[in-house]
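Here is a short briefing on one protein model. Overall make-up comes before a single-residue view.

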Amino acid sequence: VRPGAAVIEAKFAVDVQFGDLSTLELVTDPRLRLLLPSQDSLIEATEVTPGTPQTVLLKLKRPISRSATITTRWLLRGYAGVGNLRLPQLAVKSHQTSRRVLAVSVDPALTYVENRQEPHTAVAVPDFSQTWGGGTTKPMFAFELPAREPMWSLTTQPRTKLPSADQ
């Protein structure tokens, strides 16, 4: 989360048990807009079906026959980076999910309060970072998400600057 926007990076580690996987269908909050994939992405094209929730079909460059990680980046529309952020729905449709983890990074220009309505299983940030593959921004915290949509939100506001004076 940063001033002006919230960007979500999601990685889907797929393990194909039999056959090939050439598409991955996601169910998402309609506020999420898929950002263009990187050049080295496994995604060749996408199809978005509007609705609540919306459906996003990821068409892969080549079929996956064993295991692979599909990385996506999403912009949360209607959120200016300040205020109450409710976790948007983002899930794989029609495939079994074994584990979902959320890690949160907040820009230093913002203060935040995490609002949990239920207990969560914490994931150590170094463990998460090692599994995730690093990155430029270290998360503040990480935890496992329940199978259903969690009752979780984040409230952010600009960090107040203390006045300074030279004497």
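Helices (H or I, at least four residues) and strands (E, at least two) are DSSP runs, numbered from the N terminus. On that basis, the protein has one helix and 13 strands. This is a predicted model: local features need pLDDT of at least 70, side-chain atom pairs count only at pLDDT 80 or more, and totals for chains, interfaces and linings use all residues. Residues are numbered from 1 along each chain as its sequence is written, and side-chain values use heavy atoms, with hydrogens and water left out.

**Fold and dimensions**
- The order along the sequence is β-β-β-β-β-β-β-β-β-β-β-α-β-β.
- Along the principal axes, the C-alpha atoms fill a box of roughly 70 × 30 × 30 Å.
- Contact means heavy atoms within 4.5 Å. Among contacts between residues at least 6 apart in sequence, 78% join residues at least 24 apart.

**Surface and burial**
- The protein exposes about 10,900 Å² (Shrake-Rupley method, 1.4 Å probe). Carbon and sulfur atoms supply 50% of that area.
- Buried means under 20% relative accessible area, exposed over 50%, and partly exposed in between (1.4 Å probe, protein chains only). Of the 167 residues, 34% count as buried.

**Charge**
- Lys and Arg count as positive, Asp and Glu as negative; His and the chain ends are not counted.
- Each charge is placed at NZ of Lys, CZ of Arg, CG of Asp or CD of Glu.
- There are 19 positive and 15 negative side chains, and the centres of the two sets lie 3 Å apart.

**Thr28**
- Thr28 lies in strand E2 (residues 21–28).
- Thr28 counts as buried because its relative accessibility is 0%.
- Leaving aside neighbours within four places in sequence, Thr28 is in contact with Pro53, Gln54, Val56, Trp74, Gln89 and Leu90.
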